[in-house]
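Please keep the sequence and the model open beside them.

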Amino acid sequence: DAKTTQPPSMDCAEGRAANLPCNHSTISGNEYVYWYRQIHSQGPQYIIHGLKNNETNEMASLIITEDRKSSTLILPHATLRDTAVYYCIVILRNSGNTPLVFGKGTRLSVIA
Amino acid sequence: IAGITQAPTSQILAAGRRMTLRCTQDMRHNAMYWYRQDLGLGLRLIHYSNTAGTTGKGEVPDGYSVSRANTDDFPLTLASAVPSQTSVYFCASSVVRGTEAFFGQGTRLTVV
């Protein structure tokens, strides 16, 4: 599976958009980009995933570059409750041999 | 709506004792996982199961065993606990391995 690189930490003002980058330059053609987050002391929470097209759901938007070597998770109006560690993971979807391996992620602090 | 349930929530255990962490899901997911999370080391996969009756080793399987007798339950056993197994343990499940995973709230285990 492709490796991902994320900044260790970011700050965002409450109410502003939080843009979390992820580099996955070795991604292969059939690997998906997944994002999870972990709020302090809780289990990780699935946010969104995509292959090549931009995706949006009630939580966030995922923008994947045309060459698929990087992506950005966007929280359009960050709140204090969005303070968490965000993990970008690249995996083969629906593969019985795909481990879900978490890196260090980005610690997002939303500031009032 | 239960989703995925872990028990106990927390436990203090004497070194050398046997302990089983319980995990139950009601989503009829085929794949289940056990992770441990230690400060500064992130989430590490201990064992996984692609379907009932099968199990596999993750990144850090030593000292742990699992079984998957049915779809819903995936217990994790520490045969003889050691202080280095002090950690927060998360159970997760997904429809199949390589799709969105849903996590329990964790078990905080302290081995003294």
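1. Read along its sequence, chain A follows the pattern β-β-β-β-β-β-β-β-β, with nine strands and zero helices; helices (H or I, at least four residues) and strands (E, at least two) are DSSP runs, numbered from the N terminus.

2. This is a predicted model, in which local features need pLDDT of at least 70 and side-chain atom pairs count only at pLDDT 80 or more, while totals for chains, interfaces and linings use all residues. Residues are numbered from 1 along each chain as its sequence is written, chains are lettered from A and ligands numbered from 1 in the order in which they are written, and side-chain values use heavy atoms, with hydrogens and water left out.

3. The C-alpha trace of chain A spans about 40 × 30 × 25 Å along its principal axes, and of the 112 residues of chain A, 44% count as buried, that is, under 20% relative accessible area with a 1.4 Å probe, protein chains only.

4. Turning to the interface, 18 residues of chain B are in contact (heavy atoms within 4.5 Å) with 23 residues of chain A. By class, the side of chain B that touches chain A has seven nonpolar, seven polar and four charged residues, where Ala, Val, Leu, Ile, Met, Phe, Trp, Tyr, Cys and Pro count as nonpolar, Asp, Glu, Lys and Arg as charged, and the others, Gly among them, as polar.

5. Across this interface of chain B and chain A the rule finds zero salt bridges, a salt bridge being a side-chain nitrogen of Lys or Arg within 4 Å of a carboxyl oxygen of Asp or Glu. Elements β4 (31-38), β5 (42-49) and β10 (101-103) of chain B each supply at least two residues of the side that touches chain A.

Methods: Buried < 20%, exposed > 50% of the residue type's maximum accessible area, 1.4 Å probe, protein only.
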